Amino acid sequence: MKFLKSLPENSAFFQAYAKLAAPIRSAGFFAQVVSAATEFSILYALSYQSIAPVLPELAWYFAGAVAVLGVVVIEGGLRVAMPQAVDAILYGRFGGLHLVMTMAVFVVVILLGGASGWLSFTNSTAIVDSMTAGKFEAQRQEADSTFRAATAELRTHWVADSTAIASKHATLIASATAAGNAREKAAQTEITNLRRREARTGQSFATRKDAAKAHLVIVQAENTVALATMHAAREKELGGARQSFKSKMDGAESTRAGAIAAIETDQANTIAQYGGGLGWFTVICLVVFFASVILGRVHLKGSAIAETVELSQYDINPHWFTNLRAALWERWNYTVQSRVTAFADRTPAPPLPARPAELYNPAALSNLVITLRIGQGAGEGERVVEVMPKRRQIGFKPDAAFITHEKPEEGHEAPAPKTAGKTPDLRHLKQRLKEYKKRMGSHQQKALKLERKGLAVPKRTQMAIENNRRWVQHYEQLIREAVG
């Protein structure tokens, strides 16, 4: 299908706006490229977020395909529907079936135009955010690096100070502990010496021992108080150093938080400033696209340029996929039907039915007739009772006609039919005639197929055809006699 344009009949109008037509058409395409770029990113992001939890390995491919299809539908649909909407107004297509088409086209243009403008405007801030994210991320990393360096230095000083304090107080505590132990040992020695002196002299030094024991208790108490005082001093000094370290860490954290807040404020201002500008630029691009289409269609109408459609045979013929499907279906049908036909040709005729068996009525056999006869016996005055059943006649009735037939082997002469009785069964004769005609026709078809292939007909088949022909003639003669 080709779309052809005629030469302008209104040359004055055409030449007046010819310089405007080409640039405005190019501007319309450029506007659609901008809209497509802004639409693609948001469609890709939304699709990726939806598909990634389900198919994380293939989310990139599916999201890209969805974004491409969405852009093609929106921008391609506008490119096709917008000229039709403009032509509907220019040519007054608001009557009959034109009204239905015009309403549908206007609905499509409104929906696709609204989707294009909303997606482009909404995604403008996201585009600016992604474009400036590297710059502000570097600033955040710099602030974090400064914070980590400051905190690392503070920790180093804290470790050194706490170690020095602990070492100093450990030395003091060790010295005090040693001195206290010496005093306790001296007091204990005094008590031991008094006990030995009592043992040597036999005198009692109870008063002096009590005084020595009291002195020992005083020394132990003084040692405990001295150690407790030293431990308290150590903890106090460590607590002061710890509080100083915590205050400096809080200051470093506040400095980092202030730097991050300033960076985020700067980023938000940048996104609001440039994102809003890009959003309005996409709206302007959409307006430019509409204007380019409108001016282009007005230029064609004012120039009296007629548009015609040239059809080809391919536009009328069914789609190639439809033809392919029909061809495959026909080939399948041909293959199956040919196999079924070949199988049916190889299937022999059904065998002759078996002779019907003689039927007996058990109820009739069970009805016995008893005859009582009283006669003279061997002796005088003896009576004899004889009971005799009624016998059924053996054999067939003399007027019951039947025909027996032995099935001949193919290719051999069949024996003459055996008849009994006087009146043949016409229905039975017609059935036999039909069977032999069918057999003869089957062998004749087999012979024709062989002749078409250029092969010789076997003698066995020829004899079978001749034999069945004789039987057909025989039963035709019997039927004529029975009817005549």
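A residue counts as buried when its relative accessible area is under 20%, and as exposed when that area is over 50%. Keep those cut-offs in mind for this predicted model.

**Ser303**
- Ser303 sits in the loop that links helix H5 (206-302) to strand S2 (307-310).
- Its relative accessibility is 0%, so Ser303 is buried.
- The Ser303 side chain gets to 2.8 Å from the backbone oxygen of His299.
- Setting aside neighbours within four places in sequence, Ser303 touches Pro8, Glu9, Asn10, Phe13 and Phe14.

**The surface patch**
- Tyr48, Val54, Leu55, Leu58, Trp60, Tyr61 and Phe62 together make a nonpolar surface patch of about 740 Å².
- Tyr61 is part of helix H3, and because its relative accessible area is 53%, Tyr61 counts as exposed.

**The nonpolar cores**
- The largest nonpolar core is made of 21 residues, and Leu43, Leu78, Met82, Val109 and Phe289 have the most contacts inside it.
- Helix H2 (18-51), H3, helix H4 (97-201) and H5 each give two or more residues to this core.
- H3 supplies the largest share of this core, with eight residues.
- Phe289, leaving out neighbours within four places in sequence, is in contact with Gly28, Ala31, Gln32, Leu78, Arg79 and Met82.
- Another core, of twelve residues, lies apart from that one and includes Tyr436, Val472, Tyr475 and Leu478.

Conventions: Residues numbered from 1 in each chain as written. Predicted model: local features only at pLDDT ≥ 70, side-chain atom pairs only at ≥ 80, totals over all residues. Heavy atoms only, no water. Helix = DSSP H or I, 4+ residues; strand = E, 2+ residues; numbered from the N terminus. Buried < 20%, exposed > 50% of the residue type's maximum accessible area, 1.4 Å probe, protein only. Polar contact = N/O pair within 3.5 Å; in protein donor to acceptor, adjacent residues only side chain to side chain. Contact = heavy atoms within 4.5 Å. Patch = residues over 30% accessible without salt bridge, like charges linked within 9 Å, V, L, I, M, F, W, Y side chains within 5 Å. Areas by Shrake-Rupley, 256 points an atom, 1.4 Å probe, with all protein chains shown as cover. Salt bridge = Lys/Arg side-chain N within 4 Å of Asp/Glu carboxyl O. Core = buried A, V, L, I, M, F, W, Y, C linked by side-chain atoms within 4.5 Å.
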